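Here is a short briefing on one chain.

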Amino acid sequence: MELPSLMQTLRLFGRAAILRCPNCGGGPVLKHWLKLRVRCGSCGLRLERGEHDYFVGSLMLNYVITGTLVLVTMAVLLVAMWPEVPWDLFQYGGPVAMLVLPFAFFPFTKLIWLAFDLMLRPMNDEEMEWHRTADSEWSTERTLSQ
Ligand SMILES: [Zn+2]
């Protein structure tokens with residue numbers, strides 16, 4: 001296994017972080033905020049990977065990012081506002097943030113997960129050709145409805 005260079009890795013994750021295709025930097029990649037297109041509109045990379053559990057890792061990543069952000073924010077607020085801590089804000093704001101932020105981060109973490117996959121398993125020309133020519137209507141969505 002050959003790992004990409006630091007610049008290639010930063011490029012993959014940087015593209016994902018701005019909601020672009022990690023492979024080419026193009027797009028569009030989103031069908032809507034909670035759904036990726038079947039393939040990248042620019043390079044043809046299949047964004048739907050054909051495995052129902054492919055993006056389970058992105059969900060885990062989403063909760064780790066959300067939990068870390070909420071905990072760090074609460075810790076900073078606690079220290080900054082001590083001893084006049086707005087406990088009601090913590091009591092209600094924390095759980096609300098834990099429910100809302102995963103939706104805000106959803107497409108980012110899916111594309112970051114895809115970037116992580118491309119970092120570990122870079123596309124070769126043969127695989128890219130398969131991505132471009134495979135049945136364009138195929139998706140996990142269609143498979144689930146059958
Ligand atoms: Zn692309």
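Along the sequence, this predicted model runs α-β-β-α-α-α-α. That gives five helices and two strands in the chain. The radius of gyration is 19 Å, well over the 15 Å that the globule rule gives for 146 residues, so the chain is more spread out than a compact globule.

**Dimensions and packing**

- Taken along the principal axes, the C-alpha atoms fill a box of roughly 60 × 40 × 25 Å.
- Buried residues make up 18% of the 146 in the chain.
- A residue needs 20 or more other C-beta atoms within 10 Å to count as buried.
- Among contacts with a separation of 6 or more, 58% join residues 24 or more positions apart.

- Where does Gly-25 lie? It sits in the loop between helix H1 (6-17) and strand E1 (30-32).
- Gly-25 has 16 other C-beta atoms within 10 Å, so it is partly exposed. The partly exposed class falls between the buried cut-off of 20 or more and the exposed cut-off of 12 or fewer.
- Leaving aside residues up to four places away in sequence, Gly-25 touches Arg-15 and Arg-20.
- Cys-43 is 18 residues from Gly-25 along the chain. The C-alpha atoms of Gly-25 and Cys-43 are separated by 8.9 Å.

Terms used
Residues are numbered from 1 along each chain as its sequence is written. This is a predicted model: local features need pLDDT of at least 70, side-chain atom pairs count only at pLDDT 80 or more; totals for chains, interfaces and linings use all residues. Helices (H or I, at least four residues) and strands (E, at least two) are DSSP runs, numbered from the N terminus. The radius of gyration is taken over C-alpha atoms; the globule rule is 2.2 Å times the number of residues to the power 0.38. Two residues are in contact if their C-beta atoms, placed from the backbone, lie within 7 Å.
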